[in-house]
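Subject: Structure handover

Hello,

Here is the structure you will be working with. Please open it first and then read the notes below.

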Amino acid sequence: MIVGKAVNRVDAEAKASGTAKYVADLVDRNALVAKVLHSTIANGTVLSFDLDEAYKVPGVVKIVTCFDVPDKQFPTPGHPWSTHKAHQDISDRKLLNTRVRFYGDDIAAVIAEDEIAATRALKLIKVEYEEYEPILTYEDAMKDGAMAIHEEKPNNVVVHSDYEMGNFDEAIKEEGLIKVEGTYETPIVSHCHIENAGSYAYMESGRIIVVSSTQIPHIIRRVISQALDCGMGKIRVIKPYIGGGFGNKQDALTEPLNAFLTSVVGGRCVKLFYTREETFVCTRTRHAMKFFIESYVRKDGTFAARKIKAYSTQGAYASHAHALVANAVNGFRMMYPVGAIKGDAYTVYTNLPTAGAMRAYGIPQIGFALEAHVDDICQKAGFDKVQFRRDNMMQVGFVDPFTTIACHSSGLDECITRGKEYVNWDQKIEEYKNQTGDIRRGVGMAVFCYKTGVYPIALETSAVRMVLNQDGSTQVQMGATEIGQGADTVFSQMAAETLGFTLDKVNLISTQDTDVTPYDTGAYASRQTYVSGMAVKKTALSLKKKICEFAGYMLNRDPSDLDIEDNNIVHVGTREKYLTTEEVAMEACYSLENSNHISAEETHHCSDNTYALGCCFAEVEVDIPMCSVKILKIINVHDSGKIINPQTARGQVHGGMSMGIGYGLYERLIIDPKTGKTNNDNLLDYKLMTVLDTPDLGYDFVEPEDPSGPYGNKALGEPPVIPVAPALRNAVYNATGVAVNAIPLHPQRLFEEFSKAGLIK
Amino acid sequence: MKKQLVTCTINGKVRENYIDPRASLSDLLRGEEHLHSIKHGCDVGECGACTVVIDGETYNSCIYMAIWAEGKNITTLEGLSTLDGTISDIQQAFIDEGAIQCGFCTPGFIMSSLPIIESDEEFTRDEIKKQVSGNFCRCTGYDTIVTAIEKTHNKRKAERAKK
């Protein structure tokens, strides 16, 4: 069994030796340099430009402004396109925008011979604006008479949706219910992949080639074709190794404009690499959300009814728009099934940087709110925090009535048991009762559930091609992308497993090229090991069948008697070895009687989904006068089904926990409340987790095989970030008795909360 | 602007480059020498992805002027492999410990670890963390990176003690 083994990553040596090539390592050294002029106001309209001084800079080739680009709006999010008009993504931005909607909007671009010329020219462009008052909160955006940020949405509400299951109003009439209300808020944060956004583009025989740091090459091709109004066949997108994405690169960022810019300079190669500051402000962020939750619980510790109202602050452009908060309010329903439940969600335009996809897509937001709220319920009603969750959480057989997603497997109960043991929960709960003094300790926990892929909300499809080489090895071509998470490695393991090959006989082509690699929507929604994994399995079975058929022809045997094991053709029952796969491959290629270039290509159209589950347990020490939180112990325990590779799985958990700690304690984008300018658009002022901020990270896996997963596996890439922030908040609550309902728990917020509670006088 | 000659030793070889005096060392190493292990994550010395060793000390090459490199001895990640392409123990440790994910911060982290693994001093895990705290990683949560450095440091110390 190669599936389940902690083999080293297939790309590790290239990355350790420095030979792995990223976008900036591939660009022609004579490429022209493009720089974008970003608006210095948050809300307004560009009236005119004065380009005279800018054009005098030696080396400037061309300046393109918002008055020069096609008058066509296009969508940017990395969703599979819907052929149904009602479900299509919102087209609300142009390549460069005359109507300025946030501080940093793209209004012009300079193309120059080198970076210095481009940068100097940018500074010399004079812009005349008509300026309006920035609208920086969803509350202001929704006020009567508020100015429309997009004329298509006069009240600034991008989308409003609601649902009701059961009869909420009837359910809350039940006698003896305890009502608990809470308001919870999460901040805008940034992905902070170490490689910034960037691409380069050139033309060849009338086609545009874009090489980009993206998670979604096939989707980028479609978006460019929409932005430039040309056929998809005219566009070729290539994705080499990329330096992280975390959802930011699940969106068209520099690519559409870059494709346009090469077209205005006769197809010369133009590179468009964003700086760190631009990556912070002008790509995408995680949505800030605010939740109003109302729960009715029975005295026996079960839910009778719940309702939620959610507001998602979108920023200037729709991007993934309402999909995030819709996912959040759906998640609110799934974790603790209940007979009567209501949800109401708004996504609202503001003059802020555009929010989009980020690791776990709305669930870290609702995860914080719901798990904080559950602790609030337990505190108010006197329930045991762990038992209450166990009594109410999703069980195998649960089917969400709205999405119809079923819980096929669950190891959550065992996850909780192991998490409790790790932090010595029962003893600590006793020990930390009735503390006084400046330094106090506490324990907290949170659980989560997370869907695997996007079915049935959107299309799930993946294709794989495998070509047999003459030495009995295979080239595997996939549209699914490696973005650092280890996809290439687990796909290689899956292919080897199903083919009966050793791992060294599987060559997975890491680079996606839309001219070559078959269609897959890309890296997001923790979908690839599940959905693309199904396509790997299907294709491997098809290739194996063809190899066995040719071996059958060579051996004059029935192919159904044959199997492949460790690169040998063997008898399916006795395991007797007949031929090597190399002998079969050589004969198949060069046979004078029956030459047959063996390859397989299959599409898997996935129509299933399953829940990954898990928990975080944490122990903290709170210094009340210093308003600081120190993590003493922390563990994530995951049920992601069968773990394909324990080494890469640990990497996903560690990285997600680190991101979750940052989300809970440190990170937020700080926006100037008057101008809308982002004040901490760099890695010094944005409090990104350093190695010194990171405690020892505990992790564990419970591995029930999921019957729907291709190898018993479920989502893992995103989930580790989800339960950490609420576990930390709940631990601080346990330590101090102060329930902080907004993250991050930075010193200023803790000072305010501790002062209100009388802990600081 | 008139280019200037900079002569320095890069990965054991004396190199002469005419470069723009406004250029950074990372511009020289990437642009002229094609040493692509030097990564740009911020261009202002925050992220550590461009770390190189100059005369035994680690520097962010993006904020080190190329002209300052005159007469200096510079090592990049490419210089850690032997001439036949065999990678070094610290690179292998990053692979074996699962300390690499997207790989973009990896070269900088490995270069920042050199003064630790080449030292005879004791380093606790916390001291290792402090030494490499100028390097950011968003993928790994750092745990396996620290382990790779710790193990290589211990291994090299043991090897030196045998000699």
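Which residues does Gly44(A) touch, not counting residues up to four places away in sequence? Gly44(A) touches Thr98(A), Arg99(A), Val100(A), Glu130(A), Glu131(A) and Tyr132(A), where contact means heavy atoms within 4.5 Å.

Before the rest, some notes on the model. This is a predicted model, in which local features need pLDDT of at least 70 and side-chain atom pairs count only at pLDDT 80 or more, while totals for chains, interfaces and linings use all residues. Residues are numbered from 1 along each chain as its sequence is written, chains are lettered from A and ligands numbered from 1 in the order in which they are written, and side-chain values use heavy atoms, with hydrogens and water left out.

Gly44(A) belongs to strand S2 (residues 44–50) of chain A. Strands (E, at least two residues) and helices (H or I, at least four) are DSSP runs, numbered from the N terminus. With a relative accessibility of 0%, Gly44(A) is buried; buried means under 20% relative accessible area, exposed over 50%, and partly exposed in between (1.4 Å probe, protein chains only). Thr98(A) is 54 residues from Gly44(A) in sequence, and their C-alpha atoms are 8.6 Å apart.

Asn392(A) is in helix H12 (residues 385–392) of chain A. Asn392(A) is buried too, at 7% relative accessible area. A polar atom of its side chain lies 3.1 Å from the backbone nitrogen of Phe303(A). Beyond four places in sequence, the contacts of Asn392(A) include Gly301(A), Thr302(A), Met335(A) and Pro337(A).

Next, a pair of helices. The axes of H16 (residues 528–555) and H17 (residues 581–590), both of chain A, come within 10 Å and cross at roughly 80 degrees. Axes are lines fitted to C-alpha atoms, for helices over the stretch in contact, and angles run from 0 to 180 degrees between N-to-C directions. H16(A) and H17(A) are therefore roughly perpendicular, a term for angles of 65 to 115 degrees. Ile547(A), Phe550(A), Ala551(A) and Met554(A) of H16(A) meet Glu583(A), Val584(A), Glu587(A) and Ala588(A) of H17(A).

Last, the domains, whose bounds come from an automatic or database domain assignment. Chain A has domain 1 (13–132 + 197–273), domain 2 (288–455 + 608–756) and domain 3 (461–605). Chain B has domain 1 (4–80) and domain 2 (89–162). In chain B, the C-alpha centres of domain 1 and domain 2 are 21 Å apart.

Regards

Notes. Angles under 35 degrees count as roughly parallel, over 145 as roughly antiparallel, 65 to 115 as roughly perpendicular and the rest as oblique. A polar contact is a pair of N or O atoms within 3.5 Å; within protein, one must be able to donate a hydrogen and the other to accept it, and residues adjacent in sequence count only if both atoms are side-chain atoms.
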